[in-house]
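Subject: Structure for you to look at

Hello,

Here is the structure we talked about. Please open it first, then read my notes alongside.

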Amino acid sequence: MSNSDDRTQTVSGKAAEASSTNKPDGSSRGIIVLCFCIGLVVSLVFGWVVFPRLLYSRKQQPIDFNHSLHAGLVSNGCESCHFLRDDGTYSGTPKLAQCIDCHQDVQGNSPEEAKFVEQYVKKGIEVPWLVYARQPDCVFFSHAAHVKAAKMDCVTCHGNIGDSEHLKVYEQNRISGYSRDVEGASLIGFKKHTWDRMKMDDCSECHQKQKAVMGSVQTQKEGCFVCHK
Amino acid sequence: MDSAFIPNGVRRCAPGKFLVVLAVAGAVLLWGVYAMLLCWFKGLNQTNMNNNYGFALWIWADLAVIALGGGAFFTGFLRYIIGKDELKNIVNYAVLIGFICYSSALLILAIDIGQPLRGWFIFWHANVHSMLTEVAFCLSCYFGVLTIEYIPLILENRGIDRVPFLHHLGHNMHDIMAVFAATGAFLSFFHQGSLGGVAGVLFGRPFSFREGFFIWPWTFFLFTWSAAAYGPCFTLLITRITEAVTGKKLVKDNVVELLAKISGWMMATYIIAKIVDTLYWANVTAPSKGFTLMDFYSHNAFYGVWILILEIVIGGIIPAAILITDKGRKSPAARTTAFVLAVIGVCVNRWVMVLQVMAAPVMTFDKWALYYPSWQEVATTILPVAYGVILIAISYRYLPIFPQEPELNPID
Amino acid sequence: MKAEENHGNTKKFGMVIDLDVCTGCGSCMVACMAENNVPFRKDESDKLKSITWMRVYKLSNGKPYPETDICYLPRPCQHCEGHDGHSPCVSVCPATATDYDMQTGIVSQIYTRCFGCRYCMAACPYHARYFNWYDPVWPDGMEQYLNPDVSVRMRGVVEKCSFCIQRYQAAKDRAFMEGKTDIEESDYQTACTQACPAGAITFGDLNNPAHAVYKLKKQPNAFRLLERLGTNPKIYYLSSREWVRRAGDNYLKNEGPAKIG
Amino acid sequence: MFPFNFEWIWDMPHMVFMGGLWYALGILGVGMTYCIIKAAVNAGNHATGNHD
Amino acid sequence: MKIDRRSFLSLGIGVAAGTAFSPLPWKLMDDVSIWTQNWPWTPVPAKGESTYVNSVCTLCPGSCGISVRKVDDRGVKIEGMKGHPVNQGGICALGLAGLQLLYSPDRIKTPLKRSGKRGEGKWVSISWDQAISEVAGKLKELRTGGQAHTVAGITGGGPNTLSRLFKRFLAAYGSPNFFNTPSIDNSYRLALQMMNGATPDATVGLDLENTDFILSFGCGLLDGWGSPVHMFKTNTAWRKTQARVIQIEPRLSRTAAKAYQWIPITPGSEGALALGIANVLITESLYRKDFVDNYTSGFEGVVNASGELQKGFKQHVLDNFSPKAVSEITGLDPAAITLLAREFAKAKAPIALFGRGQGKLPGSMDEALSIHALNMLMGAINQKGGIYALPTPDCQAWPAVPPDAVADSGVKEPRLDGAPSDVYSRLNQLPPAVLSGKPYPLNVLLVMEANPLYTMSNSKSVQEAFNKIPLVVSFSSFMDETAQNSDLILPNHIYLERQEDAPLPAGFSKPVISLSKAVFKPLHNTRHAGDTLILLAKGLGGSVAEALPWKDFEACLKQAMGDKMESLQKTGYWINTGAVFPDGKTTFTTPSGKFEFASSAFCPGFTPVKIEGDASYPLLMIPYDTMRLASGYTANPPFDTKILEETILLHQDGLIEINPKTAQSMGLSENDRVLLQTPRGQANVLIHLEEGIMPGVIALPRGLGHTAYDAYIAGKGVNLNGLTGPIADPLSGLDAAWGIKAKLSKA
């Protein structure tokens, strides 16, 4: 800011002088606008299309597990393999010990099963599954609270993975390390199903609808330690 | 060499000399940057802060530079809202100094926090009850205002002014500068206050806790008031130093005296309020928590009553007395002394409200904790000084900061 | 003693620590560190940089030999309720990383939210909050003992006692499995309470008349730290010694604890 | 900061504090947009010879 | 068409605008902050199934029940075992930090053989076969050469099966030189043996729960004395029953601070005070006359060897220990002594205890007998609330060691320490014997669960003695001072990885045996020391192999525990609830058949222990113990060092406690660096002013000053043992030292 009063005349005089010597003609003005547009379009394309592809790494699961097939063979649905322990903790992805019950030797003629028995069962190595729904360490997620107390079904958060015949590619954010299923496929936060994204706001959305007890002084929602540890 | 960019009607030193100044300041700056990078990459273990001193030198530096940068908002407020027209001759420099102070404050905050990459949480996940949230929002907004106020000045550079778009931009911004300045003043009143609130709301710390009005502790108002009172003194002091360094008279005495007089009266009223506040705190607030005044000024190796005297008498009553009397104000030596004392006074006040708060024990079995900053803390605190010198040198060289300079220093 | 403020019918977890019984052995400190993944460094003798959610202070009556008397005072986070849940630290946190839960009375700290401004530490008169000045590093192999129920804190954030919230979470999970809606007193006990070899610490719901703490807090020997500041803490201390009770707060020369409130 | 943030509550502190903030930001934003657009128009006028 | 600066600028603005309206900057900002929330170098513990395994902690003789929490195979926490009779769910700071020992990267992971000079720290890994054959080879060579007796073994473990096996191994091999590490427990046993006539293997039972007045002569009841957690629990119970603890010691320890009354007296005068109290009890007829008259001897008079009647305990005390006389020795007011005696007598079930601090040292027998005489006077012997001589739980007898000529002649050789048997190992006499080579040189030293180079006083001469031993074999799991100065290390599993029985906890009132289980599979290539011994025996062959016929230690333990094994494996402990306790009237097996106050062999008196140091040392230095410092075989784990007060350890420096008055007279203030000198050594320490210590006395903690182990404990503070030396007790030959004279000068 400056002393504009006595500046106006002298400066506009100068500017007039400047513009007379430096006036862009019509074509160069067009180029300027064109350049702006090119920059705009290129960066928009980069930001919306290229960047997301660069951001996520795509990993194949070690074994292409067929959920649909297994779901037909077990008696207790998802909980046959993904069960709650007596203390209320959740077993997560089955350990080799569970699989061995059936897969001591190759059962069928699937090459994936053969690979599983060969590379993991025989060698006694746990399968390094990539967990689509894995939450970061700061989260305390209680399956017992959701499944036992609130009687929610698996699909609400995990989608229809139980019906799948193949495991999809595991997309992982190279920077944050999150699975894309947690971050949501849509970059602008668009979601169609309840399971499309599992970030804090998505949990809170449902939690607020449930009219759970609101203890937080700061947010008048549930206390932080309900979901964090 | 760079004469095309030097404002008309003024004389500047040779480019070589200018570059030497930049190089020296640049070296100091690099030292600070090195320390800053250490803090960012290795963490705050590079400092001597500890669990008793969560706030230390940096937060003091923040509070101090913002109080000193208060000259910008208050001069702007006087110039645009109150209509003290003469101040147009110093408001540019006040804005520049404010810009330096505020950008430094933001930088120091970015170093001070343990997780700089999460710094934006303060905005996104804001807790509106926290004084620090208020500080962060108003500080960044007011920094925006200062940038807006500083831009037209940059655009006045002869080289830049040739571009029509930029020329018009500067012109347009000038036209509505009063709106920006008013917004800035509004924001400033709040963040200066909330900085005071930072310490004042700590009801767990009887040394800093103050009762107050509505949600604001008395320190809220005292801080705004003191920034308005002491900030212009800093502007005037830096102006005086610039004059000494350049060997030129840059601002006319009547302008300086006007601002000094306002500052003096602000200071006088502030110091009365401060004394009342201190008396009330010492006789009512602290005793109600089981403390006597001397509990805060004894049983330790450093903090004694002297600091109270330094802040209130030497850094408050004396400069105020000099500046409100005609004689004192008109004498350049007395005036400058008053500026120096005032700057010391406000810095001591901010020191006390940050570091002594941390030092004084609250639990009966706790001990006084004194602290010495590490070199990394010192370097990063000096960094803004070097940065300020560089920015002032460049701005002075290329921008018409002092409108009265050509008149006061005619070129033959 | 000032009347404590209450929040309705909810739980309000708190502790009563019997200072007559506490021997200052330090079990609570180690139990806490082992339970809560608290890191350690080669030199921890600078106590102002050392993270100990639970810290045992040594109090002295200040008298010369042989009238000297000492007392040990374990100091976890006091989980201040302040006024309406506005404890000294909760209301100052700019990023809502710390919060007061009216359902449990626990002051929470979310490490991933905290960005390390340390304002809460400045606000806490008990020095119950700790900053991670260093990256937490465990000697090679020792990270194996880390508790998966507690997040490991990264450098640059503030941490503090959580009343072993993971144990509350686990207790609730067990209750869900058993189809119960509530937990028993013994289902949720903090690590320090459980470890204390002298049994000096009692933990429970201060609002529940069936819990031991409910009665203990009403004992005439009970006091809280810095009660006059209005922090409204949830840690009660018991001591039969007058000088210890007096050391719990600041008093002017002519005042005595009995005259307050 | 925004009503869709987890931390947001529709209460007085939020409305007053954030209201004041957005008000100030609004003034700055509108002011700057006005200046920029006007400068662009002015510069365009310059280019076509229509001096102000 | 020309692209000028302006077009370029325009392009830039376009890019900026486009970027701002794309998710790129915002997503990056968010992701980068999420990255900081999940920094790859901050560990994330793996989830899994949580289980608890009960076991027993053998890090100290306390034998507390522990519950180890495991997540899958990882151990994540050690907690006190709920309902365990000893600790009832409580646990101490050391026990809590056990997993830091288990997972320490500084454990010895495989057998090692020295490759450099001894103590240089250069090792090569060797196989177990090689390790066993090297040791067995050397032992065989000595045995063949008739030198079997020149092999010695030291164990730091309590009287458990492993110790018995070790002793048996040495006996079968032909060496009398089996050493355990003596402590106050030995003095109690000896006192019971002399006065009660208890058998040497009888253990001391203290029915502390039922006492109501505890006269503690410096016992660190809350500083790790006895079974520490049990003592804490008992102390809390005392609060409820309003039992009084009177703590007599020159320093305001934690015990003193918690006591009903702290009575500081001149260090070393405890025995005199006990006799002074006895004097008052007798003078004022406050003692239990019925008991003394009917069940004791030596009170009124003693018939000596030549049949003459001499002064008994009564007359001895009346003649020499009037309150006035005792006042001069102890510095305590005569009236206070009288008052104390009256209070003691007034109590329903009073008890007098000895053993300074944690009872690491056996102490003076004279003092032990004097204090035990007080229990006698009050009839607190084999009574509710008193001291019992408990029969050691009978263990299934192993088959007798097969006779062998070499073994027979070997064990008949005199022991190196001059002790009559291994029951009272005079470990402190071993270094001088080794140094002098008399009665014979020591050729091989086997060290198990002990760290004598650190824990024995007069470190310098212990080190010199070690240097003279041609072969030192360590069984240590850690690179402790002794292991570092050995030639071969045959690493044992650590306590959480091995199964063994834990002996009766010190001072517990009921006979109990606990089973320490292998909670974890061994993490490294280590071997149970019991198995190693059996393998060594097999390597030696012949009668030695026959003496240790088991296939492994487990089999040996099973045989030893017999029918108790079932209960041990089920609950983790075996308790003899139906034990028949000796009563207080008839079970004395002394020559007189009665409790003996005095006999022809002894009479409690007061002969002050001659503390080393002349007048040039103006101060008295005493050691002290704290629950936050492990000072035995186990070094302090990092957690426990972390909780050490900065008044004990400041950075690398240890602090010495001194009364401000004393310090002032010497011109010293807090944290001043001083040179601490004693007749045995010197060290740099910092000053810590402490009101709670007698002027003229300075105190240094046990457990610091390690030169080995890991970077978390090595090089910190001062090892007290480098500054002190042993003083042989005239009665027991055990170490009776309680301190040493010292001086401080500014460094």
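A residue is buried if 20 or more other C-beta atoms lie within 10 Å of its own, exposed if 12 or fewer, and partly exposed in between, with C-beta atoms placed from the backbone. By that count, 19% of the 52 residues of chain D are buried.

This is a predicted model, in which local features need pLDDT of at least 70 and side-chain atom pairs count only at pLDDT 80 or more, while totals for chains, interfaces and linings use all residues. Residues are numbered from 1 along each chain as its sequence is written, and chains are lettered from A and ligands numbered from 1 in the order in which they are written.

Helices (H or I, at least four residues) and strands (E, at least two) are DSSP runs, numbered from the N terminus. Chain D has one helix and zero strands. Two residues are in contact if their C-beta atoms, placed from the backbone, lie within 7 Å. Chain D has no contact with chain E. The closest C-alpha atoms of these two chains are 12 Å apart. Which chains share the most contacts? Of the nine pairs of chains in contact, it is C and E. Those two chains get most of my notes.

**Chain E**

Chain E holds 26 helices and 30 strands. The radius of gyration is taken over C-alpha atoms, and the globule rule is 2.2 Å times the number of residues to the power 0.38. For the 747 residues of chain E the rule gives 27 Å. The chain has 29 Å, close to that value, so it is as compact as a globular protein of that length. Its C-alpha trace spans about 135 × 65 × 55 Å along the principal axes. Buried residues make up 61% of the chain. Take the contacts in chain E with a separation of 6 or more: 73% of them are between residues 24 or more positions apart.

Now look at a sheet. Two strands pair if DSSP finds at least two bridges between them. Seven strands of chain E form an open sheet in the order β5-β4-β19-β18-β17-β6-β7, and the pairing is mixed. β5 (123-125) and β7 (177-180) of chain E are the edge strands, each pairing on one side only. Four bridges link β7(E) to β6 (residues 151-155) of chain E, in the parallel sense. There, T155(E) is opposite N180(E).

Next, find two helices. They are α10 (residues 270-283) and α14 (residues 334-346) of chain E. Their axes come within 9 Å and cross at roughly 70°. Axes are lines fitted to C-alpha atoms, for helices over the stretch in contact, and angles run from 0 to 180 degrees between N-to-C directions. Angles under 35 degrees count as roughly parallel, over 145 as roughly antiparallel, 65 to 115 as roughly perpendicular and the rest as oblique. α10(E) and α14(E) are therefore roughly perpendicular. Residues that meet here include L273(E) and I277(E) from α10(E), and I337(E) and F344(E) from α14(E).

One peptide bond is worth a click. The bond from K438(E) to P439(E) is cis, with omega near 0°. P439(E) sits in the loop between α17 (430-436) and β17 (444-448) of chain E.

**Chain C**

Chain C has six helices and 10 strands. Its radius of gyration is 18 Å, which agrees with the value near 18 Å for a compact globule of 261 residues. Of these residues, 66% are buried.

An open sheet of four strands runs β8-β1-β10-β9 in chain C, with mixed pairing. Its edge strands are β8 (201-205) and β9 (222-223) of chain C. β1 (residues 13-18) and β10 (residues 235-238) of chain C run parallel, joined by four bridges. M15(C) has I235(C) as its bridge partner in β10(C).

Check the loops too. Y65(C) and P66(C) are joined by a cis peptide bond, with omega about 0°. P66(C) lies in the loop between β2 (55-60) and β3 (70-75) of chain C.

H127(C) is not a glycine, yet its phi is positive, about 55°. Is H127(C) buried or exposed? It counts as buried, with 20 C-beta neighbours inside 10 Å. F163(C) is not a glycine either, and its phi is about 60°. F163(C) is buried, with 28 other C-beta atoms within 10 Å.

Best wishes
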